[in-house]
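Dear colleague,

Here is the structure I promised to hand over, with the sequence alongside. My notes on what was found in it follow below.

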Amino acid sequence: MMGPVAADPSQVFPPQDVRDQLDLVAAAGAARAEVEPLLLTYAVTTSGDPRVDPEDVAAVAAEAYGSPRGWSLGGAIRFERVSSSDSADFTLVVAAAGTIADYSEACVNGMTGEPDASCTAGNDVLINDVRWMDGALGDPFPLDAFRAQEINHETGHWLGQDHFTCGGAGEPAPVDQQQFRHLWGCLPNPWPLPWEQAMVGLRLGIWPAPEGVDADELLVAATPAD
């Protein structure tokens, strides 16, 4: 029996040498003395009449945002829920699938025309109620882990992350890989990998690039061309 087939290596982003550089950034950042964390605020709202309880989604989000494995970068970022979108840096929207297209045409599946995914549009991090209830399409993925991945994936987009791919069959998928469609031989993974955390750390100026490395150039090298 053939093993799992990974995506075409030419389509892997970032390339391995860039991942290695970013992993050094993550290791140095994790070893830094504790400093005052960057505060990011979010509100929780609904769109349409979702078939999930928004507070259930909010509870998963709060756990994900508070975990050192996630976008808190080990405590360098602190996420705080606020009561109003007007005073929030971003809004976590628990959305009925039929309302997803109202936010952006990019939130609709270009092949099927269906709003079958969660999405990020501007400062709105949209959690599609169909995906939350039904889980991944292409591969088995434990539902609890999948839901954490949905939160981390879409919040990663708000933090500036693109879509990425894993380096080969049997490796953990980046959190910002489109894991709900197909894993392509990668292992399901709900948390940002160290190099993904490093990209956000560099972008927000929390973790510095190694001496002699230009942070902007490293971010460009790590990001797929449009």
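Strand β5, which covers residues 124–128, is mostly covered, with four of its five residues buried; buried here means under 20% relative accessible area, with exposed being over 50% and partly exposed in between, all for a 1.4 Å probe and protein chains only. Helices (H or I, at least four residues) and strands (E, at least two) are DSSP runs numbered from the N terminus. Please keep in mind that this is a predicted model, in which local features need pLDDT of at least 70 and side-chain atom pairs count only at pLDDT 80 or more, while totals for chains, interfaces and linings use all residues. Residues are numbered from 1 along each chain as its sequence is written, and side-chain values use heavy atoms, with hydrogens and water left out.

Strand β5 pairs with β3 in the parallel sense over five bridges, where two strands are said to pair if DSSP finds at least two bridges between them. In this pairing, Ile127 of β5 is the bridge partner of Val94. With β4, strand β5 pairs in the antiparallel sense over three bridges, and there Val125 of β5 is the bridge partner of Thr120. β4 and β5 form a hairpin with two residues between them, and Gly122 in the turn has a positive phi of about 60°.

The structure holds two disulfides, a disulfide being a pair of cysteine sulfur atoms within 2.5 Å. One joins Cys107 to Cys119, with an S to S distance of 2.1 Å; Cys107 is in the loop between β3 (90–95) and β4 (119–121) and Cys119 is in strand β4, so that the pair links distant parts of the chain, 12 residues apart. The torsion about this S-S bond of Cys107 and Cys119 is about -75°, so the disulfide is left-handed, and both cysteines are buried.

The other disulfide joins Cys166 to Cys186, again with S to S 2.1 Å. Cys166 and Cys186 each lie in the loop between α4 (143–158) and α5, so the pair ties together parts that are 20 residues apart in sequence. The torsion about the S-S bond of Cys166 and Cys186 is about -80°, so this disulfide is left-handed. Cys166 counts as buried at 4% relative accessibility, and Cys186 is buried with a relative accessible area of 7%. If the bonded cysteines of the chain are numbered in sequence order, the pairing is 1-2, 3-4.

Helix α5 (residues 194–203) is mostly covered, with eight of its 10 residues buried, among them Trp195, Glu196, Met199 and Leu202. What covers the buried residues of α5 includes α1 (16–30), β2 (77–81) and α6 (215–222). Just after α5, Gly205 takes a positive phi of about 75°.

Within α5, Glu196 deserves a separate note. Glu196 counts as buried at 0% relative accessibility, and, not counting residues up to four places away in sequence, Glu196 touches Trp71, Gln161, Phe164, Pro174, Val175, Asp176 and Trp191, a contact being heavy atoms within 4.5 Å. The C-alpha atoms of Glu196 and Thr223, 27 residues apart along the chain, are separated by 11 Å.

Tyr65, found in helix α2 (residues 54–66), is buried with a relative accessible area of 3%. With residues up to four places away in sequence not counted, Tyr65 touches Tyr42, Ser72, Phe79, Phe90, Leu92, Ile151 and Thr155. The C-alpha atoms of Tyr65 and Glu80 are separated by 8.7 Å, 15 residues apart along the chain.

About 320 Å³ of space lies in the largest pocket. A pocket is taken on a 1 Å grid over the protein atoms alone, as an open set of points where a 1.4 Å probe fits, with protein on both sides within 12 Å along at least five of seven lines, and lining residues have an atom within 4 Å of a point. Of the 20 residues that line the largest pocket, the closest to its centre are Ser118, Glu154, His157, His163 and Gln178. The elements that give two or more residues to this lining are β4 and α4, and the largest share, five residues, comes from α4.

With best regards

Terms used. Grid points are joined across faces, edges and corners, and a volume is the space filled by probe spheres set on the points.
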